[in-house]
Amino acid sequence: MTAIEYLDLLLKALLLAGVYAAMAVGMTVVYGVMKIVNLAHAGFLMLGAYFALEMFQRFHLDPIWGAILAIPAFFLFGMIVHWTLVRWLPKSDTPTLASLLLMFGFWLVLQNMGYLFWGNEDQSILTPLTLSAVHIGESISIPKVNLVVFAAAAVCMVVLQVIFNKTWFGRSMRAEIQNPYAAKIVGVDDERTSRLTFGLGTAFAGFAGALLGMLYSFSPDFGRPFLLRSFVIIVLGGLESVSGVALGAIVLAVLETFSTTIPFPWYHHGWNYYYLPPSYQPVIPFALLVVVLLLLPKGLASLFSRRWKVA
Amino acid sequence: MSVPANVRRWLKLILPLLLLLALLFLPKTDPGDNVIRMLFLTAVWTTTSLAWNLLGGMAGQVSFGFAVFFGLGAYTTALLMHAGHSPYFGFIGGAAIAALASFLIGLPTFRLRGPYFVIATIGVTEAVRVIMNNLDITGGSSGYRIQEDGPFRPLEHYYTAIAAVTLAVIVSTVIASSKFGLALRAIKQDEDAAAAVGVNPYVSKLWVHAIAAALTGLAGGIYARRAAFFYPGDVFAFQTGILILLMPVIGGIGTVWGPVLGGLVFGMVEEQISVKFPNLHLMIYGSLLILIILLEPDGLLGLLRRLFRRRTRENPGSTDADKVLWGRSSA
Amino acid sequence: MRILSLRDHFGRALMFGVVFLILCMASAAAQDTITIGVVLPTTGSESKPGLYQKEGIELAIKQINDAGGIMVKSKGKKLKVNEIFYDDSTDSKKSASLAERAMSADNAVAVIGGYSTVLGIAESVMADRYKTPWITTGAGATAIFGKGYQYAFGSLSPVALIGTTSAEFLGAMIDQGKLKKGLKIAMVVENTDHGTDYVTGFTDWSNKHPGYFQIAVNEKFELGATDFSSILQKVKNSHADVFLSDAHLPDYITMHRQYLQNGLHHQMISYGARGPEAAARQALGAGTDYIFAGIWWSNKLPYPQAKKFATDYKAFTGHDVDSWYAAPAYDGMRILAKAIETAGSLDKTAIRDALKKVELKDSVLPGQVLKFSANGQAEYPFVITQNKPDNKVDIVFPKDAATGDPVAPIPNK
């Protein structure tokens, strides 16, 4: 492969990273503040995609507007879910099995509702933008939809950064992330912050889901591969910073895209170069996950384990 | 209804034996193939529930990765049978390979704490699934078909499964009442404190993981033999891993009979739900899970205890659920 | 007596629910009907084709019952069909379990089911075990048949023939001068039995007819991938003339979107058995133009019974027939009915013997005759359809079934 082709793949990987970052942000925020691994995130992604579909089919709204409208809709939805289900979970500084299973149960309910409302067809959203691309020279082509999604994801991250740093809500979120007990002492209203955080996380999930709906076809059990990848990104990039999510997304996307193109040496009747077969591609995120967890257990763990023991 | 302590202890011994006798003599009453089939499935899933409970309920280490052991048990049994060995040798081989795998997985991952361990176990399952999908020796993504000569003997499978679940119950009871079990409970409550009083958490976790894996591998082999077909997307799936842990949680985590109840409910009831309510079974399943988590973390066993012994939430029957589910010591 | 809390109420309700469900296990079978079990996925990843197959079977059952039922000589009268349907959620464990349930507890005289190879293999085990005839209308991989099974049948022609027919089609294009000899082929297939069989079928034909094709790329990908950039780059670099893939619908959509976004172009494109699906049109618009597919049935087939089937289907379900899924299921049920009638009794072995010999002479499938070959699998020709602009689809091969001319090579935009 020539250098230009590598560049093309690199650009594709970066665009993919944008997609991954968008979908992981929602989960990161909820995890960081509430220490809840939100397995229902996949369900929210799915609902976001269907929301965009409905906006597109009923009101002929371009899916990007559908995505923007999804934000307030899902913010409200998230707060309702929190008020009815999530707030009963006790606070803890490590994720509990109860939260995992509760959200898993909720995901099953969301899937079933999806089947009931929309049936099991594979749906997709086609706009004039979907199939066109920006071509630079012979070998480089950048699909326009991916650019739009990347831009949307970038804006999303900037907004989150602003919220974190400039608003009171953002500061309470950061306080909770660092140390929930100390946050309470300095006057952060835990209940309210949790509710707003969950709403925000759900809003991001709905937004990301709508964006994903522009790229891929979806049905009510959409979201599982993205869920697993979000885990990996959270672990890679750390939890509490937006740049962490971006970093994790980039590392994952680049590794996945290039895994089948970089030859690696292997001894088999003499030294040879082998290429990873594409059917092994899904192992990459998980192999990466395990390796990172093993090599940096203290490094990333120090961000995680808030073993605050009341003296 | 208050029962004196010595009568209660005698009951605890005799009731399980009566249940076992009932199960052993059930085929004589000619209940039909379907009942035998459902009891077989119940027994297999109860074995995995009890196995998971050893690591998750007693030692407090939540693993989403037990599907790996189930699948390895299935494949090992299938391959050994293909090589001409008896299925029982295959089952033992499956258990052994699963235990070996548990060491390979546990050695690195037990150094991780809390959520990292959980996520790592999910990662391992997925990686194994994709690798098995690509290996040609085991049939790759098309799966493996076990050919057995001779007619189908449902009772043979049934009795093998009953034997497996009996073994699992015995192992669980022995561990629960032994010093090893005490060490595990100490690790669950507070790993550092346990280490301070002389327990080696790392080694203990590895051993209980191996026992749990062996039982799960056994169950996987027994299941595979009867189903006669399985493929990586089924035995190594993320959903299988979740299923294996859902049953002890629904049944009652930490106790010996909780997982049995969970396996029973799952084996008998789940199919009924998906048959009677085909469009709603996901919702029913999910709602049930939500309700149990929120209202009765001690699972069905806790519910039963509450109904028959008037225990209230303020006087909890077991502190195990609190620790494993909620991550705290009960007040 | 203390005051019952919410928890207590929940507990009691749960206990009653569980006991109720366990007691409900005995299903009362209506007397004087023929019980047929149907095990298909209507939730999970194969839910859409599963649903279409269910609709095809139920249309056949409705037509049979409206005519009074199936004549069973041993009972001296016509008996209606009682369908027991189970959704296996695309889970092979459930597939096998539910097939067993139908064959044992429900006393089905036959079971139809198994959409997709793995669900099919799982169910096929039960056929011989319970000595109950089993027909798969959705699994075409050869791995299921030919193992000495006596009770397993399949109404889908072998998948390998899709590859062979595609090769024949391209070969015919070469012979007609529309394409040049020595075509470079890039094959990118899913990592399943379906994909493997497709490749085998194609390469078999290619080896028997040297000089026509050169295989430049032969890769497999995992189901459900989100990014095909590196595979598509490989295809691009091979400078192949023809791009052949074999994929499920979601992967077809994702891959073809990325194919078009990358500005790839080949003289001919195929996605195996996928092409004219409505969902693909929805997702790709004019991007699906000129894609050809080797499928088991098309609503463009000129037979009167095929047209009647399409009309009846629309009246029954409210939507048009989408691609080929419902037709083999419809005929699978009809051939079963004919076999029961031929057998003259509800004895399962007699029905099995009848299935081995019976022929459905007004089949809607290509060739107009459905019969099972010695290993239990049906064998009838495939049709190649090609998508044409403005949402049209034409059958382009074989010539005697063609409704339009094949376009080869695909015009450049």
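Predicted model: local features only at pLDDT ≥ 70, side-chain atom pairs only at ≥ 80, totals over all residues.
## Where chains A and C meet

Let us begin with the contact between two of the chains. Chain A brings 30 residues to this contact, and chain C brings 36 residues. On the side of chain A that touches chain C, the elements giving two or more residues are α1 (3-34), β1 (133-136), β2 (140-143) and α10 (242-258) of chain A. The largest share of that side comes from α1(A), with 4 residues.

What classes of residue make up the side of chain A that touches chain C? There are 13 nonpolar residues, 11 polar ones and 6 charged ones.

## A sheet in chain C

Next, have a look at chain C, where 7 strands form an open sheet with mixed pairing. Reading across the sheet, the order is β8-β7-β9-β10-β11-β12-β13. The edges are β8 (213-221) and β13 (392-397) of chain C, and each of these strands pairs on one side only. From one strand to the next, the twist averages 25°.

Inside this order, strand β10 (residues 268-270) of chain C runs parallel to strand β11 (residues 291-295) of chain C, and 2 bridges join them. To find the pair by eye, look for C:Ile269, which stands opposite C:Ile291 in β11(C).

## Helix α2 of chain A

Now turn to helix α2 of chain A, which covers residues 41-59 and has 19 residues. From its first C-alpha to its last it reaches 26 Å, close to the 27 Å expected at 1.5 Å a residue.

Is α2(A) mostly covered or mostly open? It is mostly covered, as 14 of its 19 residues are buried. After α2(A) comes A:His60, with a positive phi near 55°.

## Helix α4 of chain C

The last stop is helix α4 (residues 117-129) of chain C. Its 13 residues should span 18 Å at 1.5 Å a residue, and its end C-alpha atoms are 19 Å apart, which agrees.

Why is α4(C) described as largely enclosed by the rest of the structure? Because 12 of its 13 residues are buried. Among them are C:Thr117, C:Leu119, C:Glu123, C:Met126 and C:Arg129. Just after α4(C), the phi of C:Lys131 is positive, about 50°.

Technical notes
Residues numbered from 1 in each chain as written. Chains lettered and ligands numbered in written order. Contact = placed C-beta atoms within 7 Å. Nonpolar A, V, L, I, M, F, W, Y, C, P; charged D, E, K, R; others polar. Pairing = 2+ DSSP bridges. Axes fitted to C-alpha atoms, helices over the stretch in contact; angles between N-to-C directions. Expected span 1.5 Å × (residues − 1). Buried ≥ 20, exposed ≤ 12 C-beta atoms within 10 Å, placed from the backbone.
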